[in-house]
Amino acid sequence: MPHPDIDRSDHVMTLPSQADVVVIGGGVMGCSTLYHLAKEGVSNAVLLERNKLTSGTTWHSAAQVRALRSTQNLTNLIKYSISLYQSLEEETGQQVGWINKGSLSIATNPDRLTHIRRQEALAQLYGVEAVSVSANEAKARWPLMHSDDVIGAVWSPDDGRVSPSDLCAALIKAARKRGASIFEDTGVTGILTEGHKIIGVETTKGVIQTKAIALCTGLWSRQAAQMAGVDIPVWPCEHFYLLTRPIEGISGNMPTLSDHDGHLYIRDDSGGLLVGCFEPMGKPIDPDRLGPDFAFQLLPEDWDHFEPMLQHALHRLPVLQDAEVKMLLNGPESFTPDGSFLLGESAETQGLYLGCGMNSVGVATGGGAGWALAHHIVHGAPPMDLHEADPKRFDPSWSHVAALSARVPEVLGKHYEITYPGRQWTTSRGLRHLPLHAEWEMEKACFGQAYGYERPLYFNADPSPKMTFDKPDWFDQVGREVRRITEGVGVTDLSSFGKIDVTGKDALRALERIMSNRIARPVGSVMYTLMLNDKGGIMSDLTIFRLDDQHFRLYVGTASLKRDLAWIKRQTKDDWDVSVDDVTTAYATLGVMGRDAANLAEAMGADWLNQIAYFHHAKGEIAGVAVMAGRLSYVGAPGWEITCKCDDAITLYQALKTHGAKPVGAFAQSAMRIEKRFLSYGHDIDTDNTPEQLGLMFAVDLKTPFIGLDAVMARMGKTPEKTLTTLIFDQQDITPIGNEPVLDMSGQIIGKTTSASYGYRVGAPIALALVKTEAIGQDHRCHVNIAGTLATARISQKPAFDPNGTLMR
């Protein structure tokens with residue numbers, strides 16, 4: 001039912017004809033975004049809700065607020081939410097129902113214990129309080145719990161919960177005080193665009209002219225975005241929790257009990273229990289079945305579906321045997337294909353900002369996410385790097401209903417799955433294939449999905465590798481693939497990398513503005529460069545091939561394509577003669593690398609490859625196939641990246657294979673690039689990083705007036721607070737996977753690992769790490785917290801492996 005404390009005085013107001021920003025959707029994301037827009041000084045912001053505030057998903061949310069997330073910045077959003085929820089009552093006089101009783105995560109098997117201890121280490125890294133406790137101490141904190149099978153737990157005192165409807169009432173009250181307007185019972189019937197830019201909103205009560213829309217429409221976000229010409233991958237699933245009548249032994253509020261081996265979260269509710277689940281495979285539901293009038297409604301109970309989870313709950317809570325059931329609540333929530341929400345501007349339509357697909361963390365994240373979205377709208381960028389939530393991270397293949405409806409049930413189930421390194425999705429596979437997919441199948445590749453593509457991770461694969469935090473089943477095979485390069489020639493498939501052609505008489509002019517490196521080099525040159533934002537943070541790293549005076553081909557990361565395309569187009573001035581085109585699917589690219597690469601080229605009658613200078617390219621033929629080859633390497637071995645038309649890829653590969661080249665998968669490539677200290681966007685690089693921190697100033701030409709130059713110049717002469725380093729571990733029996741805390745020898749956290757692997761060429765586990773510059777010290781030693789175990793490592797500011805044979809051990 002509508003919240004009685006929400007001031008609805010705007011229903012007598014006339015819809016304005018113009019607003020700086022229109023927020024569509026009156027759930028927690030819409031209310032938070034409106035509040036923060038008003039706080040940013042957007043006094044004429046308008047919120048439109050076709051029914052009543054909170055009537056979609058927000059009103060029935062269990063509203064758990066757990067501070068720890070997978071990255072520092074996602075965690076920071078929730079830490080902001082907690083701070084906001086604690087202060088809103090003082091600001092507005094409206095209670096939000098904030099209850100801070102902490103959470104207890106239990107483990108009933110060794111791998112889960114490793115998982116929660118990794119979470120404990122992350123919490124310490126991210127400034128969230130968390131501590132390991134024994135099974136007996138866990139039982140003392142949750143006396144109603146059956147604990148005979150519990151082997152350990154982690155206690156997180158910062159966690160809590162909130163009343164979602166009260167929270168929205170407070171946000172709306174505060175937004176009104178700052179001039180914002182709210183219109184309930186006002187449906188959006190159209191979104192007006194011109195030249196792929198937002199110009200207005202059509203509603204059941206009139207038209208509002210605006211240049212910015214915050215789309216916070218929850219379950220209906222996919223249909224709403226389509227009105228602006230944008231397809232977004234959001235789809236609902238049914239979500240269940242059980243409510244009981246009051247139970248003896250429950251008085252006051254209790255911590256949330258997280259029994260993720262049983263797929264459960266449990267807490268008190270009105271003297272009884274709330275038992276929620278993220279079952280291994282959820283139930284998708286077509287939003288068209290819900291209809292536009294689905295407000296303050298629930299879906300039918302489904303006891304057959306909930307039964308396995310109920311059995312887990314009865315095992316964990318014997319008191320449930322005699323409890324009286326109040327209801328089995330079934331409320332739909334929206335999910336995305338990778339389990340992270342959408343936050344930011346769309347690639348297709350400028351001025352359409354998305355805040356949706358919250359994956360059941362809408363209330364927990366809503367305070368911080370609304371702040372970040374409002375900041376993006378007002379200031380042109382989020383307050384911190386949030387590439388994990390960037391809507392531009394998805395390939396268009398995810399817009400298909402079949403792919404979405406098959407994937408989101410698995411996404412729901414993975415909420416509580418152990419995050420083993422190397423785990424892969426099982427649903428909605430085969431959306432996009434590389435030109436050599438059939439060849440890789442014959443080589444028994446184990447495939448991983450990236451931007452919709454099936455990419456070979458390693459070959460001669462066990463079809464069912466065991467998931468583990470220890471040495472993985474593929475360890476020896478990856479080592480063999482590394483040796484294919486160190487002892488012969490390997491072929492890596494780089495075809496999924498994005499390829500962007502920039503052409504026209506102003507192409508060079510545009511690239512000199514957008515790229516950090518000097519692009520005005522002779523035809524035949526290859527440039528490694530960065531794209532920076534106004535603050536000098538790194539938007540992307542890429543290579544550029546100059547094909548002729550007015551033609552440049554950009555090679556960008558697989559998952560960066562849509563984001564980089566949008567950035568380049570929006571930084572190119574309208575009156576310039578420039579075309580920016582995605583040509584990714586027209587070409588295949590193979591990395592041909594290894595000790596014997598030069599001999600292979602000669603044997604194939606392609607000695608012209610050996611004449612190409614480093615960071616240059618040339619055109620020629622290999623086995624009758626027209627190719628372009630650039631002399632560069634991502635693995636620290638001699639060779640070329642060779643591009644041909646997709647239809648010619650099989651002929652080219654077969655010729656390479658006939659002359660002894662062997663396939664090398666992504667895992668081996670990753671291990672070698674970490675050894676060579678080559679960086680990967682999203683792991684070692686993001687917009688919070690600067691070229692100075694990462695040792696990338698060689699890709700910055702201070703004489704070129706590129707975007708971000710002023711910020712870089714302002715930092716010149718200053719020592720960066722953080723520095724990228726190489727870590728070479730002393731122990732052989734450890735398996736770093738990245739995102740682990742790095743500590744100095746006195747035990748103080750000084751940074752984190754960004755990428756990690758076993759270094760097959762140096763014979764030791766290795767990592768790249770971003771650490772406090774002042775903490776590197778003279779002894780060059782550190783600890784790394786790997787699931788509670790302190791491994792020792794040596795810090796180096798050079799690569800672990802040098803292709804000339806120098807090992808940094």
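Helix α1 (residues 28-39) packs against helix α5 (residues 164-177) at an angle of about 25°, with the two axes 8 Å apart. That makes α1 roughly parallel to α5, since angles under 35 degrees count as roughly parallel. The model is predicted.

**Helix packing: α1 and α5**

- The α1 and α5 crossing is left-handed.
- On the α1 side, the residues in contact are Val28, Cys31, Ser32, Leu34, Tyr35 and Ala38.
- They meet Leu167, Cys168, Leu171, Ile172, Ala174 and Ala175 in α5.

**Helix packing: α12 and α17**

- Helix α12 (residues 475-487) and helix α17 (residues 666-675) have axes 9 Å apart and pack at an angle of about 65°.
- α12 and α17 are therefore roughly perpendicular to each other, because that class covers angles of 65 to 115 degrees.
- The crossing of α12 and α17 is right-handed.
- α12 contributes Val478, Glu481, Val482 and Ile485 to the contact.
- α17 answers with Phe667, Ala668 and Met672.

**Aromatic pairs**

- With ring centres required to lie within 6.5 Å, the count comes to 18 aromatic pairs.
- One of them joins tyrosine 265 and phenylalanine 278: the ring centres are 5.9 Å apart and the planes stand at 40°, so this pair is tilted.
- Tyrosine 265 lies in strand β15 (residues 264-269).
- Phenylalanine 278 lies in the loop between β16 (272-277) and β17 (283-284).
- The pair therefore ties together parts that are 13 residues apart in sequence.
- Tyrosine 265 and phenylalanine 278 are both buried.
- Another pair is tyrosine 614 with phenylalanine 615: centres 5.0 Å apart, planes at 80°, so edge-to-face.
- Tyrosine 614 has 53% relative accessibility, so it counts as exposed, the cut-off being over 50%.
- Phenylalanine 615 has a relative accessible area of 24%, so it is partly exposed.
- Tyr265 and Phe278 also belong to one aromatic cluster with Tyr416.

**Charges over rings**

- The charged end of arginine 50 sits over the ring of tryptophan 220.
- The distance from that charged end to the centre of the tryptophan 220 ring is 4.6 Å.
- Arginine 761 lies over the face of phenylalanine 801.
- Here the distance to the ring centre is 4.0 Å.

- Serine 270 is not a glycine, yet its phi is positive, near 55°.
- Serine 270 is placed in the loop between β15 and β16.
- The relative accessible area of serine 270 is 61%, so this residue is exposed.
- Asparagine 359 also is not a glycine, and has a positive phi of about 55°.
- Asparagine 359 is found in the loop between β20 (352-356) and α9 (362-379).
- Asparagine 359 has 1% relative accessibility, so it counts as buried, the limit being under 20%.

**Points to check in the viewer**

- For ring geometry, view tyrosine 265 with phenylalanine 278, a tilted pair, and tyrosine 614 with phenylalanine 615, an edge-to-face pair.

Conventions. Residues numbered from 1 in each chain as written. Predicted model: local features only at pLDDT ≥ 70, side-chain atom pairs only at ≥ 80, totals over all residues. Heavy atoms only, no water. Phe/Tyr/Trp six-rings, centres within 6.5 Å; stacked < 30°, edge-to-face > 60°. Helix = DSSP H or I, 4+ residues; strand = E, 2+ residues; numbered from the N terminus. Buried < 20%, exposed > 50% of the residue type's maximum accessible area, 1.4 Å probe, protein only. Lys NZ or Arg CZ within 6 Å of the ring centre and 35° of its normal. Axes fitted to C-alpha atoms, helices over the stretch in contact; angles between N-to-C directions. Parallel < 35°, antiparallel > 145°, perpendicular 65-115°, else oblique. Left-handed = near helix turned anticlockwise from the far one by under 90°. Contact = heavy atoms within 4.5 Å.
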